[in-house]
Amino acid sequence: IQIYKVLFILLEWTCPGLPSPPRPICDLRVLNHFIQEARDAEVAMKSCRDGCGLTELVSVPQTTVNFDDWERKNATEQAQEVQTGLWLLHQALGLLQASMTDVDLNNHIDNSIRNLLSINAVLRSLNIQEYTPPTSAVGLEGTWKVSSVAEVLQVHVNFLRGKVRLLLVGAEACQQDVS
């Protein structure tokens with residue numbers, strides 16, 4: 001047993017901090033938690049009276065899913081569509097954050113932004129290639145413009161429930177080897 005301790009210490013000393021690949025996060029309860037928090041933000045918006053408006057139109061991802069089209073896409077195309085949508089939501093929530101004066105709603109927006117970053121970490125754990133965002137949302141396919149905070153938050157919930165869930169359920173890293 002002493003030799004193993006020495007080997008372990010030696011390995012730690014010669015190869016400190018070797019990053020181990022992240023384990024895939026396939027448990028949909030993680031996503032369900034993010035969806036619930038997005039719904040909480042949507043509910044909080046309904047009680048907001050002052051300081052809850054948007055000053056400009058914002059681009060958000062389309063949330064409708066044509067399942068035939070989705071199935072025809074390869075995993076990389078699906079991942080890029082989801083990552084583009086997450087980037088658009090991050091941009092939109094950032095604009096909300098900057099324009100909100102309602103403290104309670106702003107806390108929900110902050111939390112939603114953190115959750116989007118966590119979802120990106122989940123995608124990395126599934127070996128989904130790192131996303132390089134475009135320089136602007138102009139000309140991006142699969143987007144539309146919304147004019148209210150309520151619409152942004154509704155899109156956020158629906159996007160998580162739809163395309164993000166489909167990507168996680170179909171991720172290769174989450175498929176069980178049935179043999």
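Helices are DSSP runs of H or I at least four residues long, numbered from the N terminus. In this predicted model, Asn115 lies in one such run, helix α5. Asn115 counts as buried because its relative accessible area is 8%, below the cut-off of 20%. Apart from residues up to four places away in sequence, Asn115 touches Phe34 and Glu37.

Stepping back to the overall fold, the protein contains six helices and two strands. Followed along the sequence, these elements come in the order α-α-β-α-α-α-β-α. Among contacts with a separation of 6 or more, 89% link residues 24 or more positions apart. Of the protein's 179 residues, 35% are classed as buried. The accessible surface amounts to about 11,300 Å², and carbon and sulfur atoms make up 54% of that area.

The largest nonpolar core holds 43 residues, and the members that touch the most others are Leu86, Leu96, Leu105, Val152, Leu153, Leu160 and Val164. At least two residues of this core come from each of α2 (28–46), β1 (58–61), α4 (75–99), α5 (103–125) and α6 (149–170). Helix α6 makes the greatest contribution, supplying 10 residues. Setting aside neighbours within four places in sequence, Val164 is in contact with Leu31, Val82, Leu86, Ile119 and Phe159.

Terms used: Residues are numbered from 1 along each chain as its sequence is written. This is a predicted model: local features need pLDDT of at least 70, side-chain atom pairs count only at pLDDT 80 or more; totals for chains, interfaces and linings use all residues. Side-chain values use heavy atoms; hydrogens and water are left out. A nonpolar core is a set of buried Ala, Val, Leu, Ile, Met, Phe, Trp, Tyr and Cys residues joined through side-chain atoms within 4.5 Å. Buried means under 20% relative accessible area, exposed over 50%, partly exposed in between (1.4 Å probe, protein chains only). Contact means heavy atoms within 4.5 Å. Accessible areas come from the Shrake-Rupley method with a 1.4 Å probe; for residues, only the protein chains shown count as cover.
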